[in-house]
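User: I would like a close look at one part of this model. Please keep it brisk and give the cut-offs as you go.

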Amino acid sequence: MRSAALSYAGYEEPHFLEACTLCSKPLGHNSDIFMYRGNTPFCSQECRQEQIENDEARERRWKVSSSKKSTETSKKPATVQTGTLVASN
């Protein structure tokens, strides 16, 4: 329904296979299209490989930062509150 409303307003979203995801180069109708992770198009093997390397580097950074956070939280001493609790009926 959303795309119909946009089309009606005079705006139509571009088809996902019209341009390279990385460099935005237009993809030709008779040229090879290199796909990655389902429906992500690239104009060349080089653009696709660069995206793969970017994704892998991002995943490595995320794993390192999440392991640092878990290490930091495990090093913190536990705090214990002492006192008297009174309950009434």
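How does Glu 59 count by relative accessibility: buried, partly exposed or exposed? Please go on from there to the salt bridges around Glu 59.

Analyst: Glu 59 counts as partly exposed, at 36% relative accessibility. The classes are these: buried is under 20% relative accessible area, exposed is over 50%, and partly exposed is in between, with a 1.4 Å probe and protein chains only.

A word on the source. This is a predicted model, in which local features need pLDDT of at least 70, side-chain atom pairs count only at pLDDT 80 or more, and totals for chains, interfaces and linings use all residues. Residues are numbered from 1 along each chain as its sequence is written, and side-chain values use heavy atoms, with hydrogens and water left out.

Now the partner. Glu 59 meets Arg 37 in a salt bridge, 2.9 Å from N to O. The term requires a side-chain nitrogen of Lys or Arg within 4 Å of a carboxyl oxygen of Asp or Glu. Arg 37 lies in the loop between β1 and β2, and Glu 59 lies in helix α2, so the pair ties together parts that are 22 residues apart in sequence. Helices (H or I, at least four residues) and strands (E, at least two) are DSSP runs, numbered from the N terminus. Arg 37 is exposed, with a relative accessible area of 54%.

By this rule the structure has 3 salt bridges. Another of them joins Arg 37 to Asp 55, with the closest N and O atoms 3.9 Å apart. This pair also links distant parts of the chain. Asp 55 sits in helix α2 (residues 45-75), Arg 37 in the loop between β1 and β2 (40-42), and the two are 18 residues apart. Asp 55 is buried, with a relative accessible area of 6%.

Asp 55 also forms a salt bridge with Arg 58. Here the closest N and O atoms are 3.1 Å apart. Both residues lie in helix α2, 3 residues apart, about one turn of the helix. Arg 58 is partly exposed, at 46% relative accessible area. Through shared partners, the salt bridges join Arg 37, Asp 55, Arg 58 and Glu 59 into one network.

Next, the aromatic residues. The count is 1 aromatic pair. Tyr 36 and Phe 42 have ring centres 6.3 Å apart and planes at 55 degrees, so the pair is tilted. Rings of Phe, Tyr and Trp (its six-membered ring) pair if their centres lie within 6.5 Å; planes under 30 degrees apart are stacked, over 60 edge-to-face, and the rest tilted. Tyr 36 is buried at 14% relative accessible area, and Phe 42 is buried at 0%.

Then the cysteines. The whole structure holds 0 disulfides, a disulfide being a pair of cysteine sulfur atoms within 2.5 Å. Cys 20 is in no disulfide, and the nearest cysteine sulfur, that of Cys 23, is 3.7 Å away. Cys 43 is in no disulfide either; its nearest cysteine sulfur is also that of Cys 23, 3.7 Å away. Cys 20 is buried, with a relative accessible area of 3%. Cys 43 is buried, with 19%.

Last, Ile 33. Its place is in the loop between α1 (2-8) and β1 (34-36). Ile 33 is partly exposed, with a relative accessible area of 31%.
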